[in-house]
Amino acid sequence: MRIGILTGGGDCPGLNAVIRGLVLSGEKKYGYEFLGFRDGWAGPLNNLTMPLDVDFVRDKYDEGGTMLGTSRTNPLKDPAMIDQIKANLAANKIDVLVVMGGDDTLGVATRLAELGIHTIGVPKTIDNDLSATDTTFGFDTAVSIATEAVDRLHTTARSHHRALVVEVMGRHAGWIALHTGIAAGADFTMLPERETDLKVLCTAVQNEFGDGRKNYAIVVVSEGAKLAQQEETVTQDESMDAFGHVKLGGIGKAVAQAIEKETGIETRDVLLGHIQRGGSPTAFDRVLSTRYGLFATEMIHGGQFGQMAALKGGQIVAVPLASATDETKVVGEEWFPVLDILQA
Ligand code: F6P
């Protein structure tokens, strides 16, 4: 059997460990041959390929990024692109295509599965916003990086008696902010799922200043969060990516300026940006990614096409691809009281 693999959307620590697990188990257990498609859906669309075998992937367990490259190419924009992908898969004699991606990339895999192409999905995103799985690989790494960064910001904020606002990724799901805020002892955490009143935020910051107080404050802000006083979510500019998403970024600066204006407390902002997606995966993500890779091989062997590997209660199981992209998994209201207690 010949297996194609592609990685699409934003890169994510752990992608290489999934590919490694898949190729090692597929080649050793079942004698599968593998072909990598480069740069997301641009690969099968433009026939950009690279060979993949055990020798090539063997030591890639800890390497960040994706050895296949990635892009946000969206072939659903034009039916001719889907036809081209089908033709290139056939020309390369691909029996099964393993697609690693978030909701956009897996949405294309779902469509191809409906058209009869044997696709298998692996859930990837640092944002942890895919509904059909308990967690995606890369999320633990992103939270670890953000937590370490905020740990460091505590000492400089303390030394200068400042408020520091840290903006983290997550698009319209606040999981990275929630976990970082809790893990790194933030005084206030802003989520896209709950609008923040500027006065409530400023009171929380001011509560940290004064006699007997710590005299600095840390605020963690998810890039998709919004102050009730703002009309719209802050974006970098007017442009959108190929899947129609606005480019978020800048809310941290706006919040820092608002805090300083309202309270008179010197406030700085830090944008963590792509640092959260870079570098080596945590041990947790290496293990999870490897398990996903090994399980994808068993899905191929069992003919579980149109399905995605998912983590459910500690077990990796197969779920329908469409269920992964049905709805965005956002932070539920049950988390709000947790934050309220911690930041009171
Ligand atoms: O992949 C998801 C994500 O990491 C979001 O959290 C973020 O908004 C976006 O990617 C950034 O994408 P890009 O790499 O295109 O700037």
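1. Let's start with the residues in the shell around the ligand: two are nonpolar, two polar and five charged. Here Ala, Val, Leu, Ile, Met, Phe, Trp, Tyr, Cys and Pro count as nonpolar, Asp, Glu, Lys and Arg as charged, and the others, Gly among them, as polar. The model is predicted, with pLDDT of at least 70 needed for local features and 80 or more for side-chain atom pairs, while totals for chains, interfaces and linings use all residues. Residues are numbered from 1 along each chain as its sequence is written, and side-chain values use heavy atoms, leaving out hydrogens and water.

2. Now meet the neighbours. Surrounding the ligand are Arg-72, Ile-126, Asp-127, Met-169, Gly-170, Arg-171, Glu-223, His-274 and Arg-277.

3. Arg-72 has a polar side-chain atom 2.8 Å from a ligand oxygen, and His-274 has one at 3.0 Å from a ligand oxygen. For Arg-277, a side-chain N or O atom is 2.8 Å from an oxygen of the ligand. On its own the ligand has 400 Å² of accessible area (Shrake-Rupley method, 1.4 Å probe), and the protein covers 78% of that.

4. Next, the wider setting. The chain is divided into domain 1 (2–138 + 281–325) and domain 2 (139–278), with bounds from an automatic or database domain assignment.

Definitions and conventions: Near = heavy atom within 4 Å. Polar contact = N/O pair within 3.5 Å; in protein donor to acceptor, adjacent residues only side chain to side chain.
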